[in-house]
Amino acid sequence: MTTKTLDSPFGPVSFAVEDGFLYRVRFQADTNSTENDDPLAEEVARQLDAYFAGRLFNFDLPLVPPHSEFQAGIRQSMIDIPFGEMRTYGELAKDLGSASQAVGQACGANPIPIIVPCHRVVAAGGKLGGFSGGDGAPTKRKLLNHEAVYAP
């Protein structure tokens, strides 16, 4: 497994790649960084840097396959939310034929935030809801504000 940590406007962001897939993104430095010459790790770093700089609006990276059909559906639903836009847990739940709480739990368990943009999913009425990365809701707000500034 190759891990790398980047500086970002939201603090350190680390990620891990293995076997040709991006496995995780975290809002913290990875103290076990193994910055090998892995072409995928270099591409993830390039795309994240471009996102932070407001030059990239859609990621194109191979993601570790989800464990279930529901996880695959919720992941794709989050990826389909355009840069700079938001959807509610209820809207995604309706599209997936699920409950809002299940969608919220799946968003909270997302191992690849930013790339799989769970920060774009909010509670009814535009309330932020939860966020498991960084400082929680303040980090979610920062990501949404970042995207609002650079929205195409």
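User: Buried means under 20% relative accessible area. So is isoleucine 114 buried or exposed?
Analyst: Buried. This is a predicted model, and in it isoleucine 114 has a relative accessible area of 0%. That is under 20%, so isoleucine 114 counts as buried.

User: Where does isoleucine 114 sit?
Analyst: In the loop between α4 and β5. Strand β5 covers 121-122.

User: What is its phi?
Analyst: Isoleucine 114 has a positive phi of about 75 degrees. It is not a glycine, yet phi is positive.

User: Which loop holds aspartate 19?
Analyst: The loop between β2 (13-18) and β3 (21-26).

User: Buried or exposed?
Analyst: Exposed. Aspartate 19 has a relative accessible area of 64%. Exposed means over 50%, so aspartate 19 qualifies.

User: Let's switch to leucine 40. Which helix is it in?
Analyst: Helix α1, which covers residues 39-52. Leucine 40 is buried, at 13% relative accessible area.

User: What does leucine 40 touch?
Analyst: Leaving out residues up to four places away in sequence, leucine 40 touches Val17, Gly20, Phe21, Leu22, Leu61 and Pro62.

User: How far is glycine 20 from it?
Analyst: The C-alpha atoms of leucine 40 and glycine 20 are 6.7 Å apart. Along the chain, 20 residues separate leucine 40 from glycine 20.

User: On to the lysines. Where is lysine 140?
Analyst: Lysine 140 is in helix α5, residues 137-150.

User: Why does lysine 140 count as buried?
Analyst: Because its relative accessibility is 0%. The cut-off for buried is under 20%.

User: Which residues does lysine 140 touch?
Analyst: Not counting residues up to four places away in sequence, they are Tyr89, Cys118, His119, Val121, Val122, Leu128, Gly129, Gly130 and Phe131. As for histidine 119, its C-alpha atom lies 5.4 Å from that of lysine 140. The two are 21 residues apart along the chain.

User: And lysine 4, which strand is that in?
Analyst: Strand β1, residues 2-6. Lysine 4 is buried, with a relative accessible area of 13%. Its C-alpha atom is 8.7 Å from that of asparagine 36, 32 residues away along the chain.

User: Helices next. How do α2 and α4 cross?
Analyst: Their axes come within 10 Å and cross at roughly 80 degrees. That makes α2 roughly perpendicular to α4.

User: Which residues make the contact?
Analyst: From α2, Phe70, Ile74 and Met78. From α4, Ala102, Val103, Ala106 and Cys107. By class there are seven nonpolar, no polar and no charged residues.

User: What about pockets? How much space is in the largest pocket?
Analyst: About 280 Å³.

User: Which residues lie nearest its centre?
Analyst: His67, Gln71, Arg75, Ala109 and Pro111. The largest pocket has 14 lining residues.

User: Which helix gives the most to that lining?
Analyst: Helix α2 (residues 69-79), with four residues.

User: How do the lining residues divide by class?
Analyst: The lining of the largest pocket has 10 nonpolar, three polar and one charged residue.

Note on methods. Residues are numbered from 1 along each chain as its sequence is written. This is a predicted model: local features need pLDDT of at least 70, side-chain atom pairs count only at pLDDT 80 or more; totals for chains, interfaces and linings use all residues. Side-chain values use heavy atoms; hydrogens and water are left out. On a 1 Å grid over the protein atoms alone, a cavity is a set of points where a 1.4 Å probe fits but cannot get out, and a pocket is an open set with protein on both sides within 12 Å along at least five of seven lines; lining residues have an atom within 4 Å of a point. Grid points are joined across faces, edges and corners, and a volume is the space filled by probe spheres set on the points. Helices (H or I, at least four residues) and strands (E, at least two) are DSSP runs, numbered from the N terminus. Ala, Val, Leu, Ile, Met, Phe, Trp, Tyr, Cys and Pro count as nonpolar, Asp, Glu, Lys and Arg as charged, and the others, Gly among them, as polar. Axes are lines fitted to C-alpha atoms, for helices over the stretch in contact, and angles run from 0 to 180 degrees between N-to-C directions. Angles under 35 degrees count as roughly parallel, over 145 as roughly antiparallel, 65 to 115 as roughly perpendicular and the rest as oblique. Contact means heavy atoms within 4.5 Å. Buried means under 20% relative accessible area, exposed over 50%, partly exposed in between (1.4 Å probe, protein chains only).
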